[in-house]
Amino acid sequence: MAKPEITRREFIKGIAAGAVSVATLGVLQGCEYSLQDSKAKPALGGGAASAIVPPEAVSGLTFTPGTYEASAKGIGGDVKVTMTFDEKSITDVQIDVSSETPDVGGKIGDQMASAILQAQSADVDGVTGATVTSDAIKTAAADCISQASGTTVQLTEKEPEVSDWLGTAPEIAESDITETLDTEVLVVGCGTGGWIATMTAAEEGAKVIVVEKNEGPTAVREDIGAINSRLQLEEYQTNPDLAIDKMEALQELVRYGSGYVDSDLIKVWIDNSGELVDWLTDLMEGTGKWKMFLENSTGAGHGRDKAYATGHSPHLFPEVEPESDRAAATGAALNETFTQFCEEAPGDVSFRFSTAMVKLEQDANGKVTGIIAQDRNDEHYIRINASKGVIMSSGGYSTNTQMMLALQPMTMDMKVTYSKRGSFGDGSGIKAMLWAGAAMDPTHAGMMFNRCCCLPTETAGYKTQGEYFWFGEQPFLKVNLNGKRFCNESGPYEFMLHSMVMQPNHTYCTIFDANNRKYAEQFEEVGCCRLFPFPNGALSNRSYDAVWANNEDRIKEGYIIKADTLEELAEGLNIPVDNFVAAVNRYNELCYKGVDEDYGKEPHRMTPVDTAPFYGVRTAAWQLTTLDGCRINTDMQVIREDGTPIEGLWATGDCSGGFFANNYPNLFTGLACGRTMTFGRRAAKIVAHL
Ligand SMILES: Cc1cc2nc3c(=O)[nH]c(=O)nc-3n(C[C@H](O)[C@H](O)[C@H](O)COP(=O)(O)OP(=O)(O)OC[C@H]3O[C@@H](n4cnc5c(N)ncnc54)[C@H](O)[C@@H]3O)c2cc1C
């Protein structure tokens, strides 16, 4: 049924993005571009107008003229598509993505509207890094076409072609490069590594340009891993058990990586991370607004896997961040403090936001001389020359579905799609370094939390739209979809998920009971799994109360099943009742004995499931980022396969490699952030002094 025509003005009110009509299409026609690769897209306005796409493109359908609307679930809420048809074609597409993450799905409305109008079809390529919003738009567009045609139009499921994930560097005509900038140090990406590299280079007096593809910086993460900071050395005076033996740490990290790591790089973190944290502590506490805390616990005794008190977390002080979203509040305040530091530093820093690096530039000898970037607002290209060097800190590739399927297919089975607070890494930095001759890690590694969930009718996997479930990390009883317990539930985040992959339909259920608060405290978790303050008062990332409030929402939405009996719980979770009841009875028997004779879990984490109400939820992975990248040497120079450095090119963080393989050893709290910052600082010191 045709919906009543609404005026464009009415519709645009309150819309964050996206409207393209046939009348405005001319500027895009004649520009062959792929939505997967917006880098190759000529500047808007540069394309020649040509004939409007023939209506036959809509597979010979005819329409009842009018305007139709449809919605589909995106990341933040419903994405709304409004399409106008004449008898033979789509004449206007308007997309409301105001519910989506502003810098991700919230930006793709125009792009997708153009693509649908140009293709005269809902079956268009999605935008890399915003696949959930893209899919929602396509689903809603297919619905509009179905309404207008009276025929059910279905989208064909397209798997990205994984074998050519690397592609080749885009050719950009000199005439399209309409701006040139010169600097000494060029930092690509303003996130955890980029901030530290920028501040250090500025402190050393260098002229710095930072390019960041988003509209603003990505806040540094706030669990920072180090060894022998001042705070740690002080703590060891009263708490000698927390002292970390450097050689033991090295052996552990090599073991976690099964040897696919560079021991010398790990030693750079071990030997320099203390200085990094001391510098940050002075810088932040010097403002009078912050206090740096050491997370001074390794849990109650050690189980299979030993924990190390490496985590440092800055908190606003004496003012405290709101409990409801501590990470967001801390992040915003950190960005402010760091911006002020750059303004006051002896060097000269310019930030270029909404500017994406497209490729590196090299001279005849292969030395990197700068980059070509693209302004994401007006799409003009910029050449940025860096006389001292380029420091890549562009993050990993977790939002690039094609790269993920090619390099980490098993991660794609573990994770559900949930990207409200994930990394922005789309692999563009890694690809640019590979095009310039860099070598990449031989194995791949994700950073995954078992802190998402899916409905009892769903299984884990990237095609499932998941929900936030921070409680998932707690080492309660877990059973597979046959209702059976299958491993020691306590250990690094990813061990549980890797064990899950070995189970039917790579999905498991987390089971807890009415006493879960008491047990969560008794677990004495470390790092960001902890839900209660540390012994010295350092706050946990999230408190039990905040996390339980999220659980209440999940119960209402049908993700968490709450039941009065174990039988009812098993039915709600769609798992075999008899197996499940037998598994719980056996588990309770071991809990009462205080010994896990089946899988060896620590006694203080053997907590029975015997008091109603009972709770259960299908749990899956939330992927934060990827941790494998281009190989670097101990000066953070990017290296080729033969180990020689690419002159002019340095890297830190998730786009760099040699440090992690297969998993993230989170029992060294804050290791990812700590290595990124330590390496960013070291690279900047070296480059600034060239
Ligand atoms: C929600 C969350 C919480 C985390 N918490 C912790 C923690 O507490 N402790 C810990 O150790 N680790 C944590 N991690 C992991 C940690 O943040 C990373 O491992 C790493 O330290 C990130 O640093 P980075 O500089 O490499 O990347 P990022 O911080 O992701 O920054 C990369 C930046 O580059 C930009 N960029 C990408 N491509 C381009 C391009 N082509 N042009 C211009 N800009 C570009 C991105 O937009 C982004 O701003 C967390 C990760 C997430 C997602």
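Where does Gln120 lie? Gln120 sits in the loop between helix H3 (109-119) and helix H4 (131-149). This is a predicted model. Gln120 has a phi near 50°, a positive value in a residue other than glycine. Gln120 is also buried, because 22 other C-beta atoms lie within 10 Å and the threshold for burial is 20 or more.

**Overall make-up**

The protein chain holds 18 helices and 21 strands. It has 690 residues, and 50% of them count as buried. Take the contacts between residues at least 6 apart in sequence: 74% of these join residues at least 24 apart.

**Loop residues**

Glu379 also has a positive phi in a residue other than glycine, with a value near 65°. Its loop runs between strand S12 (368-375) and strand S13 (381-392). Glu379 counts as partly exposed, with 16 C-beta neighbours inside 10 Å.

Ala243 belongs to the loop between helix H6 (230-238) and helix H7 (246-256). Is Ala243 buried or partly exposed? Ala243 is partly exposed, because 15 other C-beta atoms lie within 10 Å and burial needs 20 or more. Asn228 is 15 residues away from Ala243 in sequence. In space, the C-alpha to C-alpha distance between Ala243 and Asn228 is 8.2 Å.

Pro613 is found in the loop between helix H17 (577-593) and strand S19 (614-626). The peptide bond leading from Ala612 to Pro613 is cis, and its omega is near 0°.

**Helix pairs**

| Helix pair | Axes come within | Crossing angle |
|---|---|---|
| H7 and H8 (residues 263-285) | 10 Å | roughly 135° |
| H5 (residues 192-203) and H18 (residues 671-688) | 8 Å | roughly 35° |

Start with H7 and H8, whose axes cross at roughly 135°. That angle makes H7 oblique to H8. The crossing is right-handed. On H7, the contact is made by Lys246, Ala249, Leu250, Leu253 and Val254. On H8, Ser263, Ile266, Lys267 and Ile270 take part. How do the residues of the contact of H7 with H8 divide? Six are nonpolar, one is polar and two are charged.

Now take H5 and H18. Their axes cross at roughly 35°, and the crossing is right-handed. H5 contributes Thr192, Gly193, Ile196, Ala197, Thr200 and Ala201 to the contact. From H18 come Cys673, Thr676, Met677, Phe679, Gly680, Arg681, Ala683, Ala684, Lys685, Val687 and Ala688. The residues of the contact of H5 with H18 divide into 10 nonpolar, five polar and two charged.

**Nonpolar cores**

In soluble globular proteins, nonpolar side chains tend to be buried together. Here the largest nonpolar core has 149 residues. Which of its residues touch the most other members? They are Val185, Val390, Ile391, Met433 and Val638.

Leaving out residues up to four places away in sequence, Met433 touches Met392, Ala438, Cys630, Val638, Leu649 and Ala651.

Methods: Residues numbered from 1 in each chain as written. Predicted model: local features only at pLDDT ≥ 70, side-chain atom pairs only at ≥ 80, totals over all residues. Helix = DSSP H or I, 4+ residues; strand = E, 2+ residues; numbered from the N terminus. Buried ≥ 20, exposed ≤ 12 C-beta atoms within 10 Å, placed from the backbone. Axes fitted to C-alpha atoms, helices over the stretch in contact; angles between N-to-C directions. Parallel < 35°, antiparallel > 145°, perpendicular 65-115°, else oblique. Left-handed = near helix turned anticlockwise from the far one by under 90°. Contact = placed C-beta atoms within 7 Å. Nonpolar A, V, L, I, M, F, W, Y, C, P; charged D, E, K, R; others polar. Core = buried A, V, L, I, M, F, W, Y, C linked by C-beta atoms within 7 Å.
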